[in-house]
Amino acid sequence: MQFSDLQHFLKSFQAFHNEKFGNNSSEDVDLLMNMTKITEEVGELAEQVMKYQGRQRNAKGEFNLSDLEDEIADVIIATSMIWVALDIDLNGALGAKIEKIKKKRWM
Ligand SMILES: [Mg+2]
């Protein structure tokens with residue numbers, strides 16, 4: 001999958017969501033909702049990592065790789081909603097960040 005595929009999917013998803021539920025909130029509220037969703041998904045990913053490490057209560061169920069993969073995807077998707085909402089050049093932003101990291105840690 002390419003970034004452009006994800007961007008197209010998220011724009012389609014947002015349009016579907018707005019049509020089904022209406023879009024009567026402001027950009028500020030939408031961004032706060034996105035941040036809330038990211039927080040929720042990071043928590044779900046943390047639960048999967050704890051299961052992977054055998055540090056989760058038995059009542060939470062067994063570790064399953066596909067559940068961990070789902071939660072990683074959820075974090076990426078939830079985070080990407082901000083990228084799409086603000087129309088950020090993700091390729092440029094990621095490239096610039098990777099260069100910063102390389103200079104700090106390895107070069
Ligand atoms: Mg999730």
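Helix α1 (residues 3–21) packs against helix α3 (residues 65–85) at an angle of about 85 degrees, with the axes 10 Å apart. That angle makes α1 roughly perpendicular to α3 (65 to 115 degrees counts as roughly perpendicular, under 35 as roughly parallel, over 145 as roughly antiparallel and the rest as oblique). The model is predicted: local features need pLDDT of at least 70, side-chain atom pairs count only at pLDDT 80 or more, and totals for chains, interfaces and linings use all residues. Residues are numbered from 1 along each chain as its sequence is written.

**α1 with α3**
- On the α1 side the contact is made by Leu6, Gln7, Leu10, Lys11 and Gln14, and on the α3 side by Ser80, Met81 and Val84 (C-beta atoms, placed from the backbone, within 7 Å).
- Four residues of the contact of α1 with α3 are nonpolar, three are polar and one is charged (Ala, Val, Leu, Ile, Met, Phe, Trp, Tyr, Cys and Pro count as nonpolar, Asp, Glu, Lys and Arg as charged, and the others, Gly among them, as polar).

**α2 with α3**
- The axes of helix α2 (residues 27–52) and α3 come within 8 Å and cross at roughly 160 degrees (axes are lines fitted to C-alpha atoms, for helices over the stretch in contact, and angles run from 0 to 180 degrees between N-to-C directions).
- α2 and α3 are therefore roughly antiparallel to each other.
- Residues of α2 in the contact include Asp30, Leu31, Lys37 and Tyr52, and those of α3 include Asp67, Ile72, Met81 and Ala85.
- The contact of α2 with α3 divides into 12 nonpolar, three polar and seven charged residues.

**Helix lengths and ends**
- α2 has 26 residues and spans 37 Å from its first C-alpha to its last, close to the expected 38 Å (1.5 Å times one less than the number of residues).
- Glycine 54, which follows α2, has a positive phi, near 70 degrees.
- α3 has 21 residues and reaches 31 Å from first to last C-alpha, close to the 30 Å expected.
- Aspartate 87 follows α3 and has a positive phi, near 55 degrees.

**Whole chain**
- The chain has four helices and zero strands (DSSP runs, H or I of at least four residues for helices and E of at least two for strands, numbered from the N terminus).
- The radius of gyration of the chain is 17 Å, well over the 13 Å that the globule rule gives for 107 residues, so the chain is more spread out than a compact globule (the radius is taken over C-alpha atoms, and the rule is 2.2 Å times the number of residues to the power 0.38).

Methods
Contact = placed C-beta atoms within 7 Å.
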